[in-house]
Amino acid sequence: MNPSQLAKYKTLFTFSAACIALYLSFRFLLPLFLPFILAYACAVCLHPCVLWLREKTHLPKTICAMIPIVLFLGFLILVLGYILRQCYIELCYLLRNWNFYEHMLNSHLTRFCYSVEKTFSFRNGSITYLVENGISDFFQRTSEKIIPAVMNFSIPTMVSFVEILGALLIFILSTFFLTKDLELFRYKKNSHLFSREMNLVTGKLRIILTAYFKAQLIIMLFTSLIMFIGLSLCHNSYALLCSIIIGFLDALPMIGCGAILIPWALIMILMGEYFYAVILAILFIICYLVRQYLEPKIIGNKIGIHPVESLLSLYIGYRLFGLAGFILGPIGYLLLKEIHITQHYTASQNS
């Protein structure tokens with residue numbers, strides 16, 4: 001066997017082993033280590049604050065590590081508490097007025113069906129009968145499925161809630177210890193047997209992921225703010241709740257704010273609310289332009305994934321890991337790409 005064939009088989013074996021290891025890591029190891037990974041990311045972000053405090057105040061390292069964590073958690077609790085409170089108020093208002101909205105929807109649908117019957121010379125009431133029966137069957141089947149589902153999943157939900165609280169406690173403690181001893185942790189990581197290979201693989205990946213998540217967070221905040229201002233100007237009673245949902249959907253790959261705004265605008269047109277539909281269309285255009293402007297500015301050419309490769313990684317990730325695959329798929333693709341580049345770099349250095 002000549003050296004070129006041997007190199008091909010070695011590359012194929014390395015790629016196959018990396019795919020298997022990556023799948024097993026994402027499937028089994030990631031849920032176990034996720035609190036510690038997030039804690040390390042937070043510790044890296046908070047570490048400059050700790051260094052600044054130690055330099056200015058000369059306090060012990062433990063206190064300097066505790067102060068930014070307590071301030072960060074306090075700010076996070078205040079902001080999330082306010083947002084959750086407002087969302088709860090708007091959700092309760094929606095449930096109290098549910099019958100009114102259902103009656104309004106039925107009246108608009110009846111009017112729309114009547115205009116369709118008149119335009120296409122259908123028998124009076126034929127389309128209205130089909131639509132009303134379909135809606136009533138939908139609500140009846142939904143109510144029949146929701147109540148048993150809530151009863152069946154109540155105990156697992158309580159167990160999951162306890163598990164989330166435990167993971168949150170571990171995350172907070174890990175963040176504290178990693179923030180306090182980050183230099184020691186980095187020294188141990190760099191003195192590892194495979195530290196050189198790990199740094200080659202994870203170095204660019206860290207830059208890519210930081211840029212990507214930073215871009216999505218900034219765009220999500222901008223989208224939510226734009227939607228909140230626009231819906232508030234329209235005197236929408238659920239402006240905060242809708243803006244948070246739309247901002248979150250805009251950060252998800254292959255979904256975006258158009259998944260809500262375009263159907264919403266079409267419904268407003270059918271209901272005769274043309275001004276409202278125009279406002280929603282303008283908000284969609286503004287959010288789209290903001291994303292198209294900010295995303296290249298923040299990410300630049302750091303990711304280096306072709307759109308077809310991105311779609312392929314998203315689809316494979318979704319098929320393997322469900323909704324989490326929309327994030328794990330591109331990360332896995334980038335890891336495999338960096339492993340392949342590192343292997344070629346190591347082979348060239350050895351030769």
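Colleague: Which residues lie nearest the centre of the second largest pocket?

Modeller: This is a predicted model, in which local features need pLDDT of at least 70, side-chain atom pairs count only at pLDDT 80 or more, and totals for chains, interfaces and linings use all residues. Residues are numbered from 1 along each chain as its sequence is written, and side-chain values use heavy atoms, with hydrogens and water left out. On a 1 Å grid over the protein atoms alone, a pocket is an open set of points with protein on both sides within 12 Å along at least five of seven lines, a cavity is a set where a 1.4 Å probe fits but cannot get out, and lining residues have an atom within 4 Å of a point. The second largest pocket has 24 lining residues, and those nearest its centre are Leu94, Tyr101, Met104, Trp264 and Met268.

Colleague: Which helix gives the most to the lining of the second largest pocket?

Modeller: Helices are DSSP runs of H or I with at least four residues, strands are runs of E with at least two, and both are numbered from the N terminus. H3 (98-119), H7 and H8 each supply at least two residues of this pocket's lining. With six residues, the helix that gives the most is H3.

Colleague: What is the orientation of H7 and H8 to each other?

Modeller: Axes are lines fitted to C-alpha atoms, for helices over the stretch in contact, and angles run from 0 to 180 degrees between N-to-C directions. H7 (residues 239-251) and H8 (residues 258-270) pack with their axes 8 Å apart, at an angle of about 125°. Angles under 35 degrees count as roughly parallel, over 145 as roughly antiparallel, 65 to 115 as roughly perpendicular and the rest as oblique. The orientation of H7 and H8 is therefore oblique.

Colleague: Which residues make the contact between H7 and H8?

Modeller: Contact means heavy atoms within 4.5 Å. By class, this contact has six nonpolar, no polar and no charged residues. H7 contributes Cys242, Ile246 and Leu249, while H8 contributes Ile260, Leu261 and Trp264.

Colleague: What is the relative accessible area of Ile262?

Modeller: Ile262 lies in H8. Buried means under 20% relative accessible area, exposed over 50% and partly exposed in between, with a 1.4 Å probe and protein chains only. Ile262 counts as partly exposed because its relative accessible area is 41%.

Colleague: Is Ser313 buried or exposed?

Modeller: Ser313 is placed in H10 (residues 307-321). Leaving aside residues up to four places away in sequence, Ser313 touches Gly325, Gly329, Pro330 and Tyr333. Because its relative accessibility is 6%, Ser313 counts as buried.

Colleague: Which residues line the largest cavity?

Modeller: The largest cavity holds about 60 Å³ of space. H1 (3-57), H2 (61-96) and H4 (126-180) each supply at least two residues of its lining. The lining of the largest cavity is made up of Cys42, Leu46, Ile69, Phe72, Leu73, Phe171, Ile172 and Thr175.

Technical notes: Ala, Val, Leu, Ile, Met, Phe, Trp, Tyr, Cys and Pro count as nonpolar, Asp, Glu, Lys and Arg as charged, and the others, Gly among them, as polar. Grid points are joined across faces, edges and corners, and a volume is the space filled by probe spheres set on the points.
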